[in-house]
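Dear colleague,

I am handing over the structure below, and after it you will find notes on what turned up when I went through it. Please read them with the model open beside you.

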Amino acid sequence: MKIHGLQKMTLLDYPGQVACTVFLGGCDFRCPFCHNWDILDPSTPVIMDEIEFYKFLDKRVGLLDGVAITGGEPLLRTGMPEFIQGIKDKGFKVKLDTNGNHPDKLKELVGAGLVDYVAVDIKNDKARYGTTIGVPNFEISKLEETVSFLLEGNVIYEFRTTVVKQFHDEDSFRGIAEWIDGAENYYLQSFVDRETVHYSGLEAYGPEQLEIFKSIVAPHVKNIEIRGVDAE
């Protein structure tokens, strides 16, 4: 497994766990606001393979609770079950971040008991999905399958949306609310501009507007929170 990045410790990426975060290159989306644009091409330089990563984990037994696997899009990779099994064998929990476009692979991992927590980005309402992810004429049926699978309660999960002024408005969240109705956990994440964001000029909403978006979705989900700003 080619690994393109490693955050050795985080209290944020895996809720309730002290974890490290592994970044795997390659993605089938091209979201203009992506923080990891530099690794969307899977041929970009790697920092280690799975053998080196397992050695790192051996030194973190008792210090870390889990591993968050993100990207890019991890489910594009072959060998994911074997890679995760190696992590589980060392006693770590596994959180998977996915764009939701690979339901069969997700179901395989969950069915095998390899994933403890799943996070899926809901980029926008269905009508504007392709524009938001930089893939015109995007076929959304696989993502719908992933959302339905998670709503069935097969694994602990969260849905989340990175909120960008140029892509989201109140209608976005009315559509999202209807789509994920009954969800356990939903998070609004305020966009933060960084050097690794490919497109310039994108903007975040202020806390007051995020609270309005939250109020639109709140009646449809069990738990909703805002991340990335002081929302008081």
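This is a predicted model: local features need pLDDT of at least 70, side-chain atom pairs count only at pLDDT 80 or more; totals for chains, interfaces and linings use all residues.

Residues are numbered from 1 along each chain as its sequence is written, and side-chain values use heavy atoms, with hydrogens and water left out.

**Strand S2 and its partners**

Strand S1 (residues 5-10) pairs with S2 in the antiparallel sense over four bridges, where two strands pair if DSSP finds at least two bridges between them, and threonine 10 stands opposite alanine 19 of S2. With strand S3 (residues 66-70), S2 pairs in the parallel sense over five bridges, and there phenylalanine 23 stands opposite threonine 70. S2, helix H1 (residues 50-58) and S3 together make a right-handed β-α-β unit; a crossover is right-handed if, with the strands pointing away from the viewer, the path from the first strand over the helix to the second runs clockwise.

**Aromatic pairs**

Rings of Phe, Tyr and Trp (its six-membered ring) pair if their centres lie within 6.5 Å, and planes under 30 degrees apart count as stacked, over 60 as edge-to-face and the rest as tilted. By this rule the count comes to twelve aromatic pairs. In one of them, phenylalanine 53 and phenylalanine 56 have ring centres 6.0 Å apart and planes at 25 degrees, so the pair is stacked. Both of these residues lie in helix H1, three residues apart, about one turn of the helix, and both phenylalanine 53 and phenylalanine 56 are buried. Phenylalanine 53 also forms a tilted pair with phenylalanine 83, at 5.9 Å centre to centre and 40 degrees between the planes. Because phenylalanine 53 lies in helix H1 and phenylalanine 83 in helix H2 (residues 80-88), this pair ties together parts that are 30 residues apart in sequence. Elsewhere, Phe29, Tyr129, Phe138 and Trp179 form one aromatic cluster.

In helix H5 (residues 141-151), Leu143, Thr146, Val147, Phe149 and Leu150 are buried. Seen down the axis of H5, the buried residues fall within an arc of 160 degrees, so they line one face of the helix; the arc is that of the directions from the helix axis to the C-beta atoms. These buried residues pack against helix H3 (103-111), strand S5 (117-121), helix H4 (129-133), strand S6 (156-163) and helix H6 (170-179).

In H3, the buried residues are Pro103, Leu106, Leu109 and Val110. Down the axis of H3 they fall within an arc of 125 degrees, so they too line one face of the helix, and the face turned away from the buried side carries the exposed residues Asp104 and Gly111.

Which residues does histidine 102 contact, leaving aside its neighbours within four places in sequence? They are Asp28, Glu73, Leu75, Leu76 and Thr146, where contact means heavy atoms within 4.5 Å. Histidine 102 is placed in the loop between strand S4 (93-98) and H3, and at 15% relative accessibility it counts as buried.

**Strand S6**

S6 is mostly covered, with seven of its eight residues buried. S5 and S6 pair in the parallel sense over five bridges, and valine 120 has phenylalanine 159 in S6 as its bridge partner. Five bridges also join S6 to strand S7 (residues 183-190), the two running parallel, and the bridge partner of threonine 162 in S7 is glutamine 189. The chain crosses from S6 through H6 to S7, and this β-α-β crossover is right-handed.

With best regards

Key. Buried means under 20% relative accessible area, exposed over 50%, partly exposed in between (1.4 Å probe, protein chains only).
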